Amino acid sequence: MAENRTASLAVSAVVVPTCTVNGSATSSARHEVVPVEQAGNIGVNCSQGTAYVLSLGNGADATQMSGTVSTALDYAFSQNRARGKQSLPAVDNHAISSTGNGNLQNLPVYGRIPAGQVAAPLHQNEVVSITLTY
């Protein structure tokens, strides 16, 4: 006669909240007498249920591309085409708060260089940091 014995094996796991972030550049364009408006995306992927806050940091200057004060172009970012809620600079507490769903969430970002600026003819650029807090 065969006997059966049973036992238990405990299995556990800790799911650690995690997030990744990446940004696509807003395209460069020629600045002339009309405003330059471009769109890009910031991709956020956070584990399901993980709350996060996304903000854009300042480059060398909070609102001007690199160049001397007399030649630097002003610029701004916003969360929508209507320029409703400004996202830059982050020190003004303009940030996006959301909760991760385990999938990539693409958040649009719209860049604008206002028209009518007097700037010397030279290539200007800026690198803006993306800060993801979770």
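A polar contact is a pair of N or O atoms within 3.5 Å. The views below are taken from a predicted model.

View 1. The side chain of Q105 comes to 3.4 Å from the backbone oxygen of T99. Buried residues have under 20% relative accessible area. Q105 has a relative accessible area of 15%, so this residue is buried. Leaving out residues up to four places away in sequence, Q105 touches I42, G43, V44 and Y52, together with S98, T99 and G100.

**View 2. The open sheet of four strands.** The strand order is β1-β2-β6-β4, and the pairing is antiparallel. Strands β1 (19-23) and β4 (76-78) lie at the edges, each pairing on one side only. From one strand to the next, the twist averages 25°.

**View 3. Pairing of strands β2 and β6.** Strand β2 covers residues 36-46 and strand β6 covers residues 104-113. The two run antiparallel and are joined by ten bridges. Within this pairing, Q38 has G111 of β6 as its bridge partner.

**View 4. The disulfide between C19 and C46.** One disulfide is counted in the model. The sulfur atoms of C19 and C46 are 2.0 Å apart. The torsion about their S-S bond is about 120°, so the disulfide is right-handed. The pair links distant parts of the chain, with C19 in strand β1 and C46 in strand β2, 27 residues apart. Both C19 and C46 are buried.

**View 5. The largest nonpolar core.** In soluble globular proteins, nonpolar side chains tend to be buried together. The largest such core here has 17 residues, and V44, L54 and L132 have the most contacts inside it. Strands β2, β3 (51-56) and β6 each give two or more residues to this core. The contribution of β2 is the greatest, at four residues.

**View 6. Contacts of L132.** Neighbours within four places in sequence are left aside in this view. L132 is in contact with C19, T20 and V21, and also with V44 and C46. Further contacts of L132 are with Y52, V53 and L54. V44 and L54 are, with L132, the residues that have the most contacts inside the largest nonpolar core. V44 is also touched by Q105, the subject of View 1.

Definitions and conventions. Residues are numbered from 1 along each chain as its sequence is written. This is a predicted model: local features need pLDDT of at least 70, side-chain atom pairs count only at pLDDT 80 or more; totals for chains, interfaces and linings use all residues. Side-chain values use heavy atoms; hydrogens and water are left out. Two strands pair if DSSP finds at least two bridges between them. Axes are lines fitted to C-alpha atoms, for helices over the stretch in contact, and angles run from 0 to 180 degrees between N-to-C directions. A nonpolar core is a set of buried Ala, Val, Leu, Ile, Met, Phe, Trp, Tyr and Cys residues joined through side-chain atoms within 4.5 Å. Buried means under 20% relative accessible area, exposed over 50%, partly exposed in between (1.4 Å probe, protein chains only). Contact means heavy atoms within 4.5 Å. A disulfide is a pair of cysteine sulfur atoms within 2.5 Å. A polar contact is a pair of N or O atoms within 3.5 Å; within protein, one must be able to donate a hydrogen and the other to accept it, and residues adjacent in sequence count only if both atoms are side-chain atoms.
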